Structure formats: structure tokens, C-alpha cells
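These are my notes from going through one model, beginning with the overall fold and then turning to single residues.

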Amino acid sequence: MTVTAVRKDPQALTMTLDAEFDASPERVWQLWADPRQLERWWGPPTYPATVTRHELRPGGRVDYHMTGPEGDQPRAFWEVREVDPPRALFVTDRFANADGTANEEMPVNEFRVAIEEISPGRTRMSILSTFPSTAAMEQLLAFGMEQGITEAVGQIDAILAEDRAAV
């Protein structure tokens, strides 16, 4: 499986997911940079994502919704803070109301993506999520965040395998 570790640190208010891929950092970066590729993995298999805005630049915004098995469509967006292709991405992740405004009833978190080559053709991607409070961390984990991100990232190997099959 792609995901090699998930570590939660309640004292630091963080959760870190590590994954490794048989791909270059540039190829792993494309999974974030191309909205159609992002849709293929961002969101667990039962809640696939649809990206409706994709401004992957500092000050930009990425809007998306996920469609659940019952047809529900929870919405969210990223406020993009830092972009350093193909190495890093830093965003504030927020739930959204139907009109795209921030849902103030749901907690906010930030996540930092680090992409590094660990050997030729092998790349590690780490996603460090930081929560504003213990209550926010507990609420998001109870909401299924750990399982959701683990299942979502677990879909990346199949996308990368298509690249190898096409060669």
C-alpha cells in the first residue's frame, strides 16, 4: 500500500501521513497541480471529489465537493498559502456552505505537503495537518479524516500504474 505511516500527536495538534510512490517528485506534484488528476484521488473511494476551481498559487483558492453514496455533496475549499513545485504546498482547508462561503460551524485545519525524492524514481509525500485546538482535532478525526485521507492517498498507486502501462 502507498501509505507507510499515519502519526497523530495530540500535544502538537498534528496528524502526519507519509506515503511512498514509484514516481518522480515532478510526477507526484502533478497529482496536485492538475485538477483532473486531483479529482481521481482527493476523497475516499466512496466520496469522489469534483474540483470546480483550481488556482494553485499563493493567494489562490481550490474549491471542490465530494459526492457521497447517498448523493450528498459536502463542500470545501483550500486557501492556498505557499506553492513550491514540485516540492511543497501549504493550504488552509475549510468546509464550505452551498454558496461557497466558509462554514463557520466546522473546524479549520492547515496542511503542508512535502514531496521529496528518496531514491531515483522513488518519492515520499508527507501531509502534515495542523489543527487549531484539541476540540477541532478531535472533531475532524471523529468525522473520519484519518480514514478518509488514508483511503484517498491509497488510490494514487493505481493512477501512477497507468503511466507505467502506457510506456
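I call a residue buried when its relative accessible area is under 20%, exposed when it is over 50%, and partly exposed in between, with a 1.4 Å probe and protein chains only. By that rule, buried residues make up 46% of the 167 residues in the protein.

I note that this is a predicted model, in which local features need pLDDT of at least 70 and side-chain atom pairs count only at pLDDT 80 or more, while totals for chains, interfaces and linings use all residues. I number residues from 1 along each chain as its sequence is written, and side-chain values use heavy atoms, with hydrogens and water left out.

**Overall fold.** I took helices (H or I, at least four residues) and strands (E, at least two) as DSSP runs numbered from the N terminus. I found five helices and eight strands in the protein, and their order along the sequence is β-β-α-α-β-β-β-β-β-β-α-α-α.

I then looked up the radius of gyration, taken over C-alpha atoms, against the globule rule of 2.2 Å times the number of residues to the power 0.38. For 167 residues a compact globule would have a value near 15 Å, and the protein, with 15 Å, agrees with this. The C-alpha trace spans about 45 × 35 × 30 Å along its principal axes.

For contacts I required heavy atoms within 4.5 Å. Of the contacts in the protein with a separation of 6 or more, 45% are between residues 24 or more positions apart.

**Surface and charge.** I counted Lys and Arg as positive and Asp and Glu as negative, leaving out His and the chain ends, and placed each charge at NZ of Lys, CZ of Arg, CG of Asp or CD of Glu. The protein has 16 positive and 27 negative side chains, and the centres of the two sets lie 3 Å apart.

**Core.** A nonpolar core is here a set of buried Ala, Val, Leu, Ile, Met, Phe, Trp, Tyr and Cys residues joined through side-chain atoms within 4.5 Å. The largest such core has 42 residues, and W32, W41, W42, M125 and V153 have the most contacts inside it.

**Single residues.** For the contacts below I again left aside neighbours within four places in sequence.

- T16 lies in strand β2 (residues 14–21) and counts as buried because its relative accessible area is 12%; T16 is in contact with A5, V6, R7, I127 and L128.
- H65 lies in strand β4 (residues 61–66) and is buried at 10% relative accessibility; the contacts of H65 include P48, A49 and T50, as well as Q73, P74 and R75.
- R122 lies in strand β8 (residues 122–130) and is partly exposed at 23%; R122 is in contact with E20, F21, D22, A23, E116 and E117. The C-alpha atoms of R122 and P25, 97 residues apart along the chain, are separated by 8.0 Å.
- E151 lies in helix α4 (residues 145–153) and is partly exposed, with a relative accessible area of 31%; E151 is in contact with P44 and P45. The C-alpha atoms of E151 and A23, 128 residues apart along the chain, are separated by 19 Å.
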